[in-house]
Amino acid sequence: MTDASVARESLRKALEAFPRCRLSHLPTPLESLERLSARCGVNLFIKRDDQTGLALGGNKSRKLDFLMADVLAQGAQSVISWAGVQSNWCRQLAAASRKLGIHPILLLFTRPRLPRALDGNSLLDLICDAEIHTLELDSSRKLMTLDGVKDLVDRLVEKEARAGRNAYVAPIGASLMEGSMRKPLGAVAYVNGFLELLEQMEARKSRIDAVVFATGSGSTHAGLFVGARLFSPHTKIVGISVSDSRAETRECVKSIAQQTWLALAGSGRAFDCCEDDLVVFDEYLQEGYGIPDQSTIETIRLLAREEGILLDPVYTGKALNGLLDLVKKGYFQPGQNIIFLHTGGMPAIFVYRDAFREYLAPKDGTDLPS
Ligand SMILES: Cc1ncc(COP(=O)(O)O)c(C=O)c1O
């Protein structure tokens, strides 16, 4: 056995030591985007983490395999989390909880300029019979940390305790180690995800030059980054921010990556990572989280037209828009193997119908249904 295969085996054992509920359909498919690649001059692949199977799937399902095992281990009867009203995280959390007989409680925040209808993800939350509390987000609150919502979450925990239920507080996106989550479980899931992807590419006798994806609460990015550091150091891990500035995203990803490294590689191996090592682009965020733009909508149309694959305007549409722009600007070399990680999010397509109508309706007067 080579040193590299010994290291991989020992990491695999470290990953297997984490308790895990097998809720997701894994491995997710890896597909070649042949028509889009021919247009771009790089070899584009898509890793279909939108196909994880849990109530329409997405990247959160991988994380929930680990987090729900922790919920069970802590003997909780209910799980509380929070996010925007169209949260894919909350939808998959509700489904995972229901599957395991746990009561899901969601704090869903509406914001000016963002769709608020009972549709898309919030409709699916209702169908899963999640306990839903909807609030308007005021500017004093930041959703990315428990601190920003602690007063509200504490009240729900107390209410659960009065009802005789032990509540697990799940941090947004299973990313930061806070609330009831004492290990970086979301990022651990994506170290595992990176290994899965690497093995799929190795089976094709191909190397991975870069992985590009939407980054928000940070643990997908942190997990992929640690996975690449461990198994494939030449691979660039490129996050396209869909919510925060580059500096904020890098700081958050760095801290989760450090915790993840410690949880997996132990304190025996130093983790030398500075913020400059983390590649984050925030220019494709455009006007802000959840606000669609023409170029993103056209990118969604392009992938649907060329490859028959759907993206959403909040996360994956912006991420692919960034990837294609970076290709155009020469950030990637011709012939490189670039993986686009499809992180899901399709339920939100339906709440953005007005943006699709505005940008995609035929200009020749053809009638669309109203
Ligand atoms: C569809 C989709 N893609 C990407 C992300 C970002 O993942 P992370 O929160 O791990 O950064 C999210 C998070 O909500 C998401 O719903």
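Visitor: What should I know before I start?

Guide: In this predicted model, local features need pLDDT of at least 70 and side-chain atom pairs count only at pLDDT 80 or more, while totals for chains, interfaces and linings use all residues. Residues are numbered from 1 along each chain as its sequence is written, and side-chain values use heavy atoms, leaving out hydrogens and water.

Visitor: How many residues surround the ligand, and which are the closest?

Guide: A residue is near a molecule if one of its heavy atoms lies within 4 Å of it. Here 15 residues surround the ligand, the closest being K60, K63, S217, T220 and T343.

Visitor: Which helix gives the most to the shell around the ligand?

Guide: Helices are DSSP runs (H or I, at least four residues), as are strands (E, at least two), numbered from the N terminus. Helix 3 gives the most, with three residues. At least two shell residues each come from helix 3 (59-73), strand 7 (210-215) and helix 8 (219-231).

Visitor: Why does the ligand lie between domain 1 and domain 2?

Guide: Domain bounds come from an automatic or database domain assignment. Domain 1 (3-58 + 184-360) and domain 2 (60-174) both give residues to the shell, so the ligand lies between them.

Visitor: Where are oxygen atoms of the ligand 2.9 Å from an N or O atom of a side chain?

Guide: A polar contact is a pair of N or O atoms within 3.5 Å. The side chain of N88 has such an atom 2.9 Å from a ligand oxygen. A polar backbone atom of G216 is 2.7 Å from a ligand oxygen, and a polar side-chain atom of Y315 lies 3.3 Å from one.

Visitor: What about the backbone?

Guide: Most residues other than glycine have a negative phi, and most peptide bonds are trans. A cis peptide bond joins L26 and P27, with omega about -5°. L56, not a glycine, has a positive phi of about 80°.

Notes: A polar contact is a pair of N or O atoms within 3.5 Å; within protein, one must be able to donate a hydrogen and the other to accept it, and residues adjacent in sequence count only if both atoms are side-chain atoms.
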